[in-house]
Number of protein chains: 2
Amino acid sequence: MKIKKNYILAPGPTPVPPEVASAGAWPLIHHRTPQFCAIIKEVAQGLKMLFQTQHPVYFMASSGTGVMEAAVANLMSPGETMIVAQAGKFGERWGEIGKSFGCHLVEVKAEYGKAVQPTQVEEALKKNPSAKAVFTQLSETSTGCVFDIEAFGKVVAKTDALLVVDGISGVGAEPCFPDKWEVDCLLTGSQKGVMLPPGLGFISISPKAWKAVDASKSPRFYFDLRAYKKALDSDDSPYTPAISLLFQLKEALKIIQNETMEGMWARHSWLAKATRAAIKALNLELFAERPGNILTAVKVPSGVDGEKAVKVMRDDLGVTIAGGQGSMKGKVMRIAHLGYMDRFDITTAISALEIAFKRQGFPIKLGAGVAAAEDILWQDPQ
Amino acid sequence: MKIKKNYILAPGPTPVPPEVASAGAWPLIHHRTPQFCAIIKEVAQGLKMLFQTQHPVYFMASSGTGVMEAAVANLMSPGETMIVAQAGKFGERWGEIGKSFGCHLVEVKAEYGKAVQPTQVEEALKKNPSAKAVFTQLSETSTGCVFDIEAFGKVVAKTDALLVVDGISGVGAEPCFPDKWEVDCLLTGSQKGVMLPPGLGFISISPKAWKAVDASKSPRFYFDLRAYKKALDSDDSPYTPAISLLFQLKEALKIIQNETMEGMWARHSWLAKATRAAIKALNLELFAERPGNILTAVKVPSGVDGEKAVKVMRDDLGVTIAGGQGSMKGKVMRIAHLGYMDRFDITTAISALEIAFKRQGFPIKLGAGVAAAEDILWQDPQ
């Protein structure tokens, strides 16, 4: 068969809706014009809805790692203590960035796949009363585990420390209420729940955290949030913005507004439930202790070469999921149900997984996973 | 008339060719795949042609200012001396970034519109023998003046200092030979001569400068070039790249390869010549002492409100050029002939300028500028 369609079910980049994709080809307009300022005003409003915050959300041309650096460089000064509540690769990244900026690092760890407990964070704050901030993840993309940010918020709010949450894979898929939960800094990237290509980062800062921004002694220029604040106050951006990605953001936010945030979370939760039912029906094991709406990490069963299965799915079957990262390489396979996804994305992913495992001689009943997913996908009132 | 087309003749963003624009709407593929590595390999090769260098050119999701920060953060350590050879807003930006990173700043200035002389740089190096690097512009976008980078290279190469050139508006339009001219670091952005939307920055580093990268004590993570080098060595990128912009880059580089760099420079030079002939035919004055191929800055004549003329051109006539920046506000108008431009872009810009000036009662003979441009555009053997 010469025609093979490609399906992307990785936790970023995620599929882009056609209305959003085509906006990436719109003729550019100049960014220092009233016409473009009107677009900035519109997306700034939409980003508050996406972030569920009353505070401004700043956007910048960068990957998610760039806005993580923005959080560290703006909130921390060299020598200050950062607590990192981590259980995966992206938690470790907080520490790497912190070390690059001369911060003193206190790691609060759980095993890959587990959730860091709020009591662990509480204890670390007691032991380190001068800690400036707690850095963590809403969803640890490398394991699919979701942390209890609401509980973290309760613990951190009792202290002077700030709570900084990487919502890169979480925002849009997993409910998160930064103002209510007392999250001081929330950030995300464009290529996840927001349904855009990669290249934009977003970050919100609470009034409590702004004091730290003003006081920070870390060297910074491109990521200096004071410049973004000053510009956004007049519907502008400090440096040439990624105009075509902002056109796309405008279209994506319209889709999100139409679905509503509650609708987004419910759809993600429902697709996640169907995926997990399929995995269980195939007698496979889930990896994450507290799996979220973002992705389902499956333990690679004995008798299957996990890396090979991911490659076969991608190169032979046209279905891109993600393997394990770092120490999880070959041990997990991650199926994302993130962003622009509907029922048939899930049955496609499960069908491809069944075929790939069968090709390795793993005992699988073709269709058993798909049937279990369909049971949920078509009987659910969604 | 209800239909009004928009023409963009500002020095960034510049118009995007349709083949490049439509690639911005292509379905995404995952970035950690052999399929995407092949694209990185292809663009990495094309970027060497664009930069006219044998050394690798790194790309990152950021504005031009981001790669300027990458140059400072990777080459300088706090307390070290940077010489900034400047005569405009973007020269000043080098100093602002340097100060943010704790560098000791030595400014070598010329007035806005003038070119910094190589002898000034030579003198500054003699007075500051411990200077780590000279930072300057190939083309100062705020004035349209081009600096003699070849001569700067001769002066700097006699010392231990590095030569760092912001080629953001220059690369692609103005000949620049970093290897031959002993430029240690050259950088540009995507929304200029490269004919892409904004959102990508590019930077090359000479072997001499790599020693400084390895030795730099400036805090950096997202812009740390060591991570980009390690990744690019295996056709990869350290963080999620701006996939859709890289699809577009691949298409733009094909167009550039087809035109050839010599063809690009010749076209830009020829469009610049026609624009200047038009300005002179309208009895207007050029602003830059050493105008380049990028843009033509026109002095706003007495009796004309320059800011208003730019607004009328944009909002009433659909032709976006640029006004003056900073202290040049209202004093100059900048017509770019940069990127995806041909003959009729020039006559459109000149025609719109004639109309806008006439509407302010300025004595102008309609068509006189266009005629002078046509004389060059159609009699030239191009």
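**Entry 1: a proline in a loop.** I looked up Pro13(A) and found it in the loop between strand S1 (7-8) and helix H1 (18-23) of chain A. Helices (H or I, at least four residues) and strands (E, at least two) are DSSP runs, numbered from the N terminus. A cis peptide bond joins Gly12(A) to Pro13(A), with omega about -5°.

**Entry 2: what I am working with.** I noted that this is a predicted model, in which local features need pLDDT of at least 70, side-chain atom pairs count only at pLDDT 80 or more, and totals for chains, interfaces and linings use all residues. Residues are numbered from 1 along each chain as its sequence is written, while chains are lettered from A and ligands numbered from 1 in the order in which they are written. The mean pLDDT (the predictor's confidence in each residue, from 0 to 100) is 97 for chain A, and 99% of the residues of chain A reach 70 or more. For the complex, the predictor gives an ipTM of 0.96 and a pTM of 0.97.

**Entry 3: the two copies.** I checked how the chains are related. Chain B is superposed on chain A by a rotation of 180° with 0.0 Å of shift along its axis, at an RMSD of 0.0 Å.

**Entry 4: the contact.** I found 45 residues from chain B and 45 residues from chain A in the contact. Two residues are in contact if their C-beta atoms, placed from the backbone, lie within 7 Å. On the side of chain B that touches chain A, H3(B) gives the largest share, four residues.

**Entry 5: a sheet in chain B.** I traced an open sheet of seven strands with mixed pairing, in the order S2-S10-S9-S8-S5-S3-S4 (chain B). Two strands pair if DSSP finds at least two bridges between them. Strand S2 (57-61) and strand S4 (104-109) of chain B are at the edges with a single partner strand each, so one side of each has no neighbour in the sheet. Strand S5 (residues 133-137) and strand S8 (residues 162-166) of chain B run parallel and are joined by five bridges. I noted one partner pair, Gln137(B) with Asp166(B) in S8(B).

**Entry 6: another strand.** I asked myself: is strand S11 (residues 295-299) of chain B largely enclosed or open? Four of its five residues are buried, so S11 of chain B is largely enclosed by the rest of the structure. A residue is buried if 20 or more other C-beta atoms, placed from the backbone, lie within 10 Å of its own, exposed if 12 or fewer, and partly exposed in between. S11(B) runs antiparallel to strand S13 (residues 332-336) of chain B, with five bridges joining them. Ala297(B) stands opposite Arg334(B) in S13(B).

**Entry 7: positive phi.** I looked up Glu182(B), which is not a glycine but has a positive phi of about 60°. Glu182(B) is buried, with 20 other C-beta atoms within 10 Å. In chain A, Asp235(A) has a phi near 55°. With 16 C-beta neighbours inside 10 Å, Asp235(A) counts as partly exposed.

Definitions and conventions. Least-squares fit on C-alpha atoms with pLDDT ≥ 70 in both.
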